[in-house]
Amino acid sequence: MSSRQSDIYVGGGLGGRDGRGAPLDLRGTGGAGPSAGGRRPGSRRWLLIIGALAVFVLAWMFGPRLLSLSVPVRLNGETYKVKTGTPVTQFIDDHLNVDEYTGDLLAIDGSPLKINEGETPVVTVNGRPAAKRATVKAHDVVVVTMGADRTEPITENSTLVQPKLSRNGHGQMIEVTDTGQVGVKVTPVGDESGLQAPTEVRTKAKAVKLRQVNAWKVRPKVVALTFDDGPNPGETESVLKILAREQVPATFFMVGSSAKAYPKLVKAVADGGHQLALHGFTHKSLDKLKSAEVESELKQTAEAIEEVTGARPDWLRPPYGAVNASVYSLLGEQHTKVALWSVDPHDYQKPGAKAIASRVVDGVGPGSIVLLHDGGGDRKQTVAAVEVIIKKLKQKGYRFVTIQQMWNLSQ
Ligand SMILES: [Zn+2]
């Protein structure tokens with residue numbers, strides 16, 4: 001009992017916290033003692049070393065980020081020290097004049113219009129497009145390249161190209177064999193510079209093709225009397241009487257507005273066995289009108305006549321003989337043929353019935369188309385000349401036909 005007290009208890013020594021007392025381990029080997037509450041000192045030292053190492057590694061890995069340390073980042077070949085976590089955009093702004101990397105605004109001809117008002121610069125980080133909110137990391141390689149140039153906004157001014165006429169033959173009876181096509185040309189104009197680029201053909205114009213029948217070659221000896229600008233109260237009836245008496249058919253190119261105003265005269269002409277045809281609704285020069293207006297002129301006239309006769313006329317004499325490619329194209333679509341004339345005594349100038357008659361009789365040959373007027377003014381001279389014309393031409397052996405009959409004969 002006494003020996004235990006003497007050789008052991010020193011109090012307050014290592015491992016003595018349990019109050020029971022413990023042997024002092026001077027060898028310092030640690031860990032082998034019987035005491036349950038203590039650790040051996042050698043084990044603690046290793047833990048300290050491992051812990052320090054871990055802290056060192058973690059600090060090496062995450063330290064810069066946590067502590068916002070400056071790291072090297074390359075920008076367009078130069079290396080800069082920059083705090084990690086800095087937005088890439090800010091990093092670039094701090095070191096480059098970004099505006100200088102913006103493309104230019106070019107005029108339509110390719111010349112510079114406004115410097116650095118083109119596309120924004122292209123930014124890559126480590127060879128890939130930079131994300132919107134990207135931040136820099138150590139050893140990132142940031143490259144800023146010029147944004148593309150941008151061409152100013154452009155307005156295209158287009159112009160229509162009227163088709164040309166391709167004529168086959170030389171006669172006064174004209175059939176459209178190909179309605180052709182209106183061309184479209186486009187001229188680009190720069191909105192800001194006002195400069196024009198070369199005009200380009202968007203749609204190529206295609207010629208309107210005509211077949212013209214030469215009435216002069218028609219055999220046998222036939223002639224067509226035609227009356228324009230009616231129907232007209234008084235003169236039209238007088239002409240009809242003479243034609244009926246002489247048993248001569250003629251062709252009446254009617255003004256639509258007159259046909260609409262005098263349906264009884266339209267009926268009288270039809271009842272006389274004559275051909276009814278179109279001469280426009282208001283006697284305007286068709287080549288001066290827009291396509292829609294020409295269409296309306298023809299449609300209204302055709303309807304005024306058709307309402308009375310039940311038949312739609314398919315021949316036109318254009319007022320003043322004025323007709324162009326686009327009018328022909330429209331006529332082709334409507335299967336309407338054109339009749340011009342080969343003998344014009346200028347009866348509308350009222351040179352006297354005698355002069356009118358002799359001009360016609362002297363001018364007529366086989367297949368002639370004679371232009372006379374039963375409307376558009378006082379036509380008493382014409383009326384007086386008609387009987388003379390018919391009698392003299394009959395004496396010369398001529399036979400009278402309508403335009404449609406002459407066309408049929410010449411096919
Ligand atoms: Zn006329």
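pLDDT is the predictor's confidence in each residue, on a scale from 0 to 100. The structure is a predicted model, in which local features need pLDDT of at least 70, side-chain atom pairs count only at pLDDT 80 or more, and totals for chains, interfaces and linings use all residues. Residues are numbered from 1 along each chain as its sequence is written. The chain averages a pLDDT of 89. A score of at least 70 is reached by 87% of the residues. Residues 1-38 stay under 50. For this stretch the model has 32 contacts beyond four places in sequence. Two residues are in contact if their C-beta atoms, placed from the backbone, lie within 7 Å.

Secondary structure was assigned from DSSP runs, with helices (H or I) of at least four residues and strands (E) of at least two, numbered from the N terminus. Two strands pair if DSSP finds at least two bridges between them.

Strand β3 (residues 105-106) is joined to β4 by two bridges, and the two strands run antiparallel. Leucine 106 stands opposite proline 112 in β4.

Another open sheet of three strands has the order β9-β12-β13, with antiparallel pairing. Its edges are β9 (154-161) and β13 (200-203). Here too, each edge strand has a single partner, so one side of each lacks a neighbour in the sheet. Neighbouring strands of this sheet are turned by 35° against each other on average, direction ignored. The axes are lines fitted to C-alpha atoms, and angles run from 0 to 180 degrees between N-to-C directions. Three bridges link β12 (residues 183-190) to β13. Valine 186 stands opposite glutamate 200 in β13.

Helix α4 covers residues 235-246. In α4, Glu235, Thr236, Val239, Leu240 and Leu243 are buried (20 or more other C-beta atoms within 10 Å of the residue's own, all placed from the backbone). These residues cover an arc of only 130° around the axis, which puts them on the same side of α4. The arc is taken from the directions from the helix axis to the C-beta atoms. What covers the buried residues includes β15 (222-228), α6 (263-271) and α10 (380-395). Glutamine 247 follows α4 and has a positive phi, near 55°.

Notes: The expected span of a helix is 1.5 Å times one less than its number of residues. A residue is buried if 20 or more other C-beta atoms lie within 10 Å of its own, exposed if 12 or fewer, and partly exposed in between; C-beta atoms are placed from the backbone.
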